[in-house]
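Please keep the sequence and the model side by side while reading.

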Amino acid sequence: MTHIPQNVADGNTNKMIASSWAMLIAIAIISVLLLILPTLVPIGAMYWDSYIYLDAEQRIATGQLPNVDFDAPAGPLDYYLVYLIRSVLPDSQPMLAASWSMIIVTVPVMALIMWDVIKSKAWPITAIVVGFTLFTLIPFNTTPYYPFPGADGFAIYNRHGSQLLFVLVTALLFARRASVLIIAIATIMTALFLVKITAFAAGGLLCAWALFTGRVSIKIAALSSLLAAIVIAILELTTGIVSAYLNDLFILLTMNEGGLLGRILQGISRTFSACLFGGLLSLVLLFTMPRATPWKEKLQNPGLWIIVALIAGVFYESQNTGGQEMILLWPVVIFAFQKSISEKTSPATFYTIIVLAAATLLPMTASVLQASARATSTMVKQHALQHTTLRNMGAVTVRPDTQERTDAMRANWLAYPEALNDLALDKKRLPSFLLFSDLDYQVGWAQAADRVVAELKRRQADGLDINSITTLDFTNPFAWLLNINAPKYMPIGADPYRTVPEPDERTLQSLRDTDIVLKPKCPITNTIERLQEIYASALTEHKQVDITPCYSAFIHPRLQNSWK
């Protein structure tokens with residue numbers, strides 16, 4: 001057996017146990033404290049994705065059900081967890097509340113696994129909890145999508161899927177009590193199903209492999225499946241959410257069918273470092289670990305687990321844009337490293353495993369740490385976003401030069417609308433390929449929203465009775481900002497080319513009944529024009545008026561005489 005120093009192989013068990021529990025407790029304490037305090041984050045690329053959660057929050061607060069009363073880009077669980085957190089902590093920073101909402105699920109299950117096995121597997125569990133703490137507390141993606149630093153307000157539900165898969169793999173590889181496995185598998189698989197269906201499919205592959213290799217018995221698989229099925233059945237019978245969710249998934253699938261191979265290749269390219277070094281590590285383990293005789297023991301080779309985890313991870317990430325990609329490898333690599341210590345491996349093999357394990361895990365870890373460090377350090381030179389009506393949606397900071405560019409670009413767009421109209425109407429192109437990632441666009445969008453909400457509130461104070469509002473744009477926080485209704489059946493996160501189907505009559509009628517339908521103009525884009533085309537038949541009785549330089553609105557007939 002390879003000689004390993006005792007403090008590495010066994011460690012100080014009591015200290016490891018204490019530090020593991022301390023890290024888990026720290027996740028809860030730090031997240032709650034930062035949600036209670038008036039926390040600011042630096043506005044980042046595609047930050048407006050986080051406003052989707054405000055839209056969902058207001059819809060749930062006014063009695064709407066996700067997937068039943070409005071289409072959503074993800075499953076219903078994310079939106080209910082955020083609604084729960086912000087019902088308790090209404091002044092919390094919305095992006096952080098959304099990012100940390102899955103702690104409600106993942107931390108208790110990880111605590112259950114730790115209680116089960118940490119005394120016998122102190123150092124592996126401690127190493128896993130280090131990764132779990134890092135990826136849970138730091139709400140950043142592993143792949144940067146924009147050169148300038150800022151908070152990752154997009155791909156939040158993708159990160160949640162990855163974090164759930166991390167906990168699932170930990171349970172499958174380390175949990176031993178049948179009751180712990182049943183609860184962990186049932187809880188995580190139910191959550192995966194209700195967060196993102198591709199993550200659920202990836203988790204199903206991992207569970208199937210655990211069953212095939214004997215790590216999970218047929219009894220445990222049956223009971224955990226039954227428990228998950230009961231929860232989902234109760235949810236369906238009481239709300240109808242599950243069937244509506246599946247129907248939304250079918251519609252999205254038909255709108256985005258084709259190109260699976262291209263998406264798989266894209267997923268591999270985005271996670272190439274983990275795929276390359278994880279693949280090499282699996283080959284080393286397959287050819288150097290002692291050959292077991294029973295076939296089920298042969299299948300327990302950690303190299304095979306790494307291959308299965310890579311397949312599951314690539315499949316899941318092939319359907320995503322952004323997220324904490326391939327972090328499910330963390331517990332698998334720790335498992336492999338533990339096996340290499342306990343088995344008779346040569347020193348050369350052992351140190352090769354160390355190098356490849358580090359090469360697999362360190363890039364994703366360093367990427368998250370670097371993104372967090374850049375975004376945090378840049379706040380020193382930033383100031384709080386200037387606004388009057390955004391509430392904690394405006395709890396962000398902005399670079400002075402970004403604000404200057406925002407003002408200059410707004411003036412340019414207003415002075416030369418012909419150029420924008422040519423791009424949006426004739427060429428069907430955005431002014432910039434990275435427009436929605438540009439920090440000045442995100443700042444300008446928030447400040448334009450602030451101005452239009454201020455104007456609408458002024459009119460409300462003068463007696464205008466506005467009951468419902470939406471916008472011909474990607475995200476609609478306006479109902480939340482004004483504390484009024486959003487129309488039913490219109491999707492949140494409205495990408496007209498990917499997530500907005502042709503509206504049925506009930507959707508059109510809901511829009512006909514909507515008091516105000518906003519249309520942004522700074523800048524006008526092909527996506528805005530396309531949304532207007534999709535919903536045009538519902539707006540024929542509305543009257544289009546200018547509200548601010550950057551917003552016009554379609555006004556319901558009942559308000560037209562009162563509009564001054």
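In this predicted model, strand 6 is joined to strand 7 by a hairpin of 2 residues. The two strands, residues 543-548 and 551-555, pair in the antiparallel sense over 5 bridges. Within this pairing, Val545 has Ala553 of strand 7 as its bridge partner.

Another set of strands forms an open sheet of 3 strands, in the order 1-3-2 and with mixed pairing. Its edges are strand 1 (41-42) and strand 2 (383-384), each of which pairs on one side only. Strand 1 and strand 3 (residues 396-398) run parallel and are joined by 2 bridges. Here Pro42 stands opposite Thr397 in strand 3.

Phe148 is placed in the loop between helix 7 (122-137) and helix 8 (156-174). Its relative accessible area is 47%, so Phe148 counts as partly exposed. Not counting residues up to four places away in sequence, Phe148 touches Arg374 and Leu439.

The charged side chains come next. Side chains of opposite charge can pair when their charged atoms come close. The structure holds 22 salt bridges. One of them joins Arg410 to Asp407, with the closest N and O atoms 3.3 Å apart. Both residues lie in helix 19 (residues 400-415), 3 residues apart, about one turn of the helix. Arg410 counts as buried because its relative accessibility is 13%, whereas Asp407, at 36%, counts as partly exposed.

A salt bridge also links the side chains of Glu455 and Arg459, at 3.0 Å from N to O. These residues are 4 apart in helix 21 (residues 439-461), again about one turn of the helix. Glu455 is buried at 17% relative accessibility, and Arg459 is buried at 11%.

Which parts of the chain does the salt bridge between Asp465 and Arg558 link? The side chains of Asp465 and Arg558 meet at 3.9 Å, N to O. The pair links distant parts of the chain, 93 residues apart: Asp465 lies in the loop between helix 21 and strand 4 (469-471), and Arg558 in helix 25 (residues 557-560). Asp465 is partly exposed at 43%, as is Arg558 at 39%. Elsewhere, salt bridges that share partners join Lys428, Glu502, Arg530 and Glu533 into one network.

Terms used. Residues numbered from 1 in each chain as written. Predicted model: local features only at pLDDT ≥ 70, side-chain atom pairs only at ≥ 80, totals over all residues. Heavy atoms only, no water. Buried < 20%, exposed > 50% of the residue type's maximum accessible area, 1.4 Å probe, protein only. Contact = heavy atoms within 4.5 Å. Pairing = 2+ DSSP bridges. Salt bridge = Lys/Arg side-chain N within 4 Å of Asp/Glu carboxyl O.
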